[in-house]
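Visitor: Could you walk me through this one while I look at it? I'm new to this, so please go slowly.

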Amino acid sequence: MLKYMNPEKLTWWQRNQSKLGPWLLLILALIPFAAWLRFIFATSQESATLYFAFSVAAKLCSLTGMTLFALSFVLSTRWRFLEDWFGGLNRVYIWHHIVGGSSLVLILFHPIFLALRASLTSWNKAASLLLPHFTGSLLGFRWVVTYGIFALLLMIGLLFITFFVRLPYKWWLFTHKFMGVAFVLAGLHVLFIPSVFGHDPFVQNYLRAVIALGLISYVYYTLAGRILIRRYRYKVDEVGTPAEKVVQVHLAPLSRAMSFTAGQFAFIRFHQHGIATEWHPFSISSPPGADGDFRLTVKALGDFTTQLQGIKKGATAEVEGAFGKFSYTNYGNPNQIWVAGGIGVTPFLAMANSLPDVPHHIDFFYCVTDPAELIDMEEVKKAVNTDKHQFAATSHVAKEKGNITAEIIAKQCGGLDGKDIFLCGPPPMMKALRVQFKAAGVSTDRIHSEEFAMV
């Protein structure tokens, strides 16, 4: 049994730590504007021209965009403190996408403002700013401009792939490694190009710190991850098929075991002929045990998870983790509603079998399209049969009852007031329920979800 987090004993830091990350991102992104204000107040009014305005706007876009570019690398490292500061690794990755997209937009506007500035005197000069040059010193003006052009083009291509092209995960991961090349080129451009802030020590040191932070993060995870990141070695010692297109894999440690809590997930890479050696996130469907072993329950939803249906006893695996804040242990409310959709039942299986000593009142809704998709209902029923907790488990079959709704859930469990809601399942289901719960008056901080879709 896991220790329950009593809300009355939480410190201010424990209650607000998960809000720190977004605020810190905002502060770091706004630091260039502080430099801008310093510069404006130190500049004579004679500089308040359209030419000067375009210059400052271009540099602000460059500074803020470069800051966000560096922070996007920090958010991809899976450093443990990031989970605490953002409220879970899934939220870290959400912010990673937001920050990465914002950096592209700002960096894209940088040459636009420069071209507008140049157009005030010559359209030919404006057009030449967008063309690469290969003359002079490698750190001379023309080459430094060219670095910026190549960095921008590479960023556009890679982020276009990220947001608009559905590549297989392994190919997306491979292309994403080249983002570091774009960052180095952009860093050379920002550090060595003449600018209106060129003689400001604060801006210069800020830029050096930002670029160093981005490079350290990129090297740590992408280039030196095999050496610096702790990973555990496991073997497959049991394989089962509890339902159609579903495989259960029991993993036992070969050396040191990974510690985890119910509701968490791990990134795992299997080594067996016929299964791609890719890192994928999987929720752990068994409670923590003394020997460090754990179980995965995986449904064939894509290329990789279909390959995994052929996993054999004796295969080995590398494990990184555990991650995630999707657990009753991180929230102080014993009155909860759990809603699982399909294979999203996996974290709830672990949680149902390791409830803490404090009595809980839990209404669990297990939603599937067809009755044949139900997994481990007997295991759930064991959790229901306890004198300590009030645990009501309901299977909801869409073919028979239609899609689950917040209204159905509220009616069956006696209302939503004063309850924390946990969602895990297909993204469309979670999105629809989240909207419905909010419309019913449930506050956002009472709705918790785990959202990964790499299959």
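Visitor: Let me start with alanine 290: is it buried or exposed?
Guide: Keeping in mind that this is a predicted model, alanine 290 has a relative accessibility of 92%, so it counts as exposed.

Visitor: And where does alanine 290 sit?
Guide: Alanine 290 belongs to the loop between β4 and β5. Its C-alpha atom is separated by 9.7 Å from that of serine 259, and these two residues are 31 apart along the chain.

Visitor: How many bridges join β3 to β4?
Guide: Strand β3, residues 265-271, is joined to β4 by 4 bridges, and the two run antiparallel. To see one of these pairs, look for isoleucine 268, whose bridge partner in β4 is histidine 280.

Visitor: Then what about β3 and β6, how many bridges are there?
Guide: β3 and β6 pair over 7 bridges, in the antiparallel sense, and you can find arginine 269 standing opposite glutamate 318 of β6. β6 is also joined to β1, by 4 antiparallel bridges, with tyrosine 232 having valine 319 in β6 as its bridge partner.

Visitor: How many of the residues in β6 are buried?
Guide: In β6, 7 of the 8 residues are buried, which leaves the strand mostly covered.

Visitor: Okay, so which residues here have a positive phi without being glycine?
Guide: Arginine 78 is one of them, with phi near 65°, and lysine 245 is another, with its phi also near 65°.

Visitor: Where are arginine 78 and lysine 245 placed, and are they buried or exposed?
Guide: Arginine 78 lies in the loop between α3, 50-74, and α4, 80-86, and its relative accessible area is 8%, which is under the 20% limit and therefore makes it buried. Lysine 245 is in the loop between β1, 232-243, and β2, 246-253, and with a relative accessible area of 53% it is over the 50% limit and therefore exposed.

Visitor: Switching topic, what is in the largest nonpolar core?
Guide: The largest nonpolar core has 27 residues, and Met66, Phe69, Phe73, Met155, Met179 and Phe183 are the ones that touch the most other members. At least two residues each come from α3, α5, α7 (141-164), α9 (179-192) and α10 (201-223), and α7 gives the most, with 7 residues. As general background, nonpolar side chains tend to be buried together in soluble globular proteins.

Visitor: How many cavities of 30 Å³ or more are there?
Guide: The count comes to 1 cavity of 30 Å³ or more, and the largest cavity has a volume of about 60 Å³. Its lining includes Gly87, Asn90, Lys325, Tyr331 and His448, while α5 (89-119) and β11 (447-449) are the elements that give two or more residues to it. By class, the lining has 2 nonpolar, 5 polar and 3 charged residues.

Visitor: You named β11, so what sheet is that strand in?
Guide: β11 belongs to an open sheet of 5 strands with parallel pairing, in the order β9-β8-β7-β10-β11. The edge strands are β9, 390-397, and β11, each pairing on one side only, and the twist averages 15° from one strand to the next.

Visitor: Which residue stands opposite isoleucine 421?
Guide: Isoleucine 421 stands opposite isoleucine 447 in β11. Strand β10, residues 420-424, pairs with β11 in the parallel sense over 3 bridges.

Terms used. Residues numbered from 1 in each chain as written. Predicted model: local features only at pLDDT ≥ 70, side-chain atom pairs only at ≥ 80, totals over all residues. Heavy atoms only, no water. 1 Å grid on protein atoms, 1.4 Å probe; cavity = no way out; pocket = protein on both sides within 12 Å on 5 of 7 lines; lining within 4 Å. Points joined across faces, edges and corners; volume = space filled by probe spheres on them. Nonpolar A, V, L, I, M, F, W, Y, C, P; charged D, E, K, R; others polar. Pairing = 2+ DSSP bridges. Buried < 20%, exposed > 50% of the residue type's maximum accessible area, 1.4 Å probe, protein only. Core = buried A, V, L, I, M, F, W, Y, C linked by side-chain atoms within 4.5 Å. Axes fitted to C-alpha atoms, helices over the stretch in contact; angles between N-to-C directions.
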